[in-house]
Amino acid sequence: MTNTSARPRALDVGVATDVGRVRDHNEDAWLADGTVHVVADGMGGHAAGEVASATAIATFRALVGRTDLTVEDIDRAVDDANDAILEAARSQPGRRGMGTTATGLVQLGSGDWAIVNIGDSRVYRWADDVLAQVTIDHSEVQELVEEGLLTREQARVHPLRNIITRSLGLDPAAAPDVLVLPPVPGERFVLCSDGLNDELDDAAIATVLRENPRSQPAAGALVAAAVAAGGHDNVTVIVVGVPGAD
Ligand code: MN
């Protein structure tokens, strides 16, 4: 199989976002254009979180339409987003300390997926009726999970679950995880801010995906379920479906 034959014909993409029931504005931002999909969850007072997440998304937008992308291009976009957020924070005192997560699913020139992550937004993969978290959260509770001190389910409801250990805008050298995966016919990905997985466990997310084979209804139903379950945070979901083999 050559790389070009592995290129998906047309992706089935759906997006939904909601401010939730508690927050008064939505600091999440997203991009779903062609083969570039990104969710960013901003943080910082005085609406600075919105500036941080929007700045990250604006930087990733430069990847849209490129058919020759490499992992180096993804790394550079992350660095550029980090620099832009740090610069914006320096130029306005009210924005000091702002930051954002970023999680992305981008098709490379090789046809492979690049999955990039910094912070605690997530990419899940759904294939053969099984949901798996692909990204690793950069969070205090994830470190406790890795040390065997918390289960994944205990971490999901832990009071310190929102303390993240990496983000854009935190430090001059951004350190994302980047994973490269070959596309598989029929697989689906869910990109989300923590407003989804703080409200819905894996089984609940899987149920919604099973009931909604198309991406836009699936994204809408996931966000609606998170809001119905409490909506304590902004919630953003992008669902990306790779066409089946037929
Ligand atoms: Mn959040």
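Predicted model: local features only at pLDDT ≥ 70, side-chain atom pairs only at ≥ 80, totals over all residues.
Strand 10 spans residues 188–192, and five of its five residues are buried.

Strand 10 has two pairing partners described here. Strand 7, residues 122–127, runs antiparallel to strand 10 and is joined to it by five bridges. Strand 11, residues 235–241, also pairs with strand 10 in the antiparallel sense, over five bridges.

## The manganese site

Which residues coordinate the manganese ion? The ion is held by OD atoms of Asp-41, Asp-194 and Asp-233, at 2.1 to 2.2 Å. Along the chain, these donors follow the spacing D-x152-D-x38-D. Asp-194 belongs to helix 5 (residues 194–197), whereas Asp-233 sits in the loop between helix 7 and strand 11, so this pair ties together parts of the chain that are 39 residues apart in sequence. Both Asp-194 and Asp-233 are buried.

## Helix 6 and helix 7

Helix 6 covers residues 202–211 and helix 7 covers residues 215–228. Their axes come within 9 Å and cross at roughly 145°, and the crossing is right-handed. Helix 6 contributes Ile-205, Val-208 and Leu-209 to the contact, and helix 7 contributes Ala-218, Ala-221 and Leu-222. By class, this contact has six nonpolar residues, with no polar and no charged ones.

## Helix 1 and helix 2

Helix 1, residues 48–60, packs with helix 2, residues 71–91, at an angle of about 145°. The axes of the two helices are 9 Å apart, and helix 1 passes helix 2 in a right-handed crossing.

On the side of helix 1, the residues that meet helix 2 are Ala-52, Thr-55, Ala-56, Thr-59 and Phe-60. Their counterparts in helix 2 are Ala-77, Val-78, Asp-80, Ala-81, Ala-84 and Ile-85. How many residues of each class does the contact of helix 1 with helix 2 have? The contact has eight nonpolar residues, two polar residues and one charged residue.

Terms used
Residues numbered from 1 in each chain as written. Heavy atoms only, no water. Buried < 20%, exposed > 50% of the residue type's maximum accessible area, 1.4 Å probe, protein only. Helix = DSSP H or I, 4+ residues; strand = E, 2+ residues; numbered from the N terminus. Pairing = 2+ DSSP bridges. Axes fitted to C-alpha atoms, helices over the stretch in contact; angles between N-to-C directions. Left-handed = near helix turned anticlockwise from the far one by under 90°. Contact = heavy atoms within 4.5 Å. Nonpolar A, V, L, I, M, F, W, Y, C, P; charged D, E, K, R; others polar. Donors = N, O, S within 2.8 Å, 3.2 Å for Na, K, Ca; no water.
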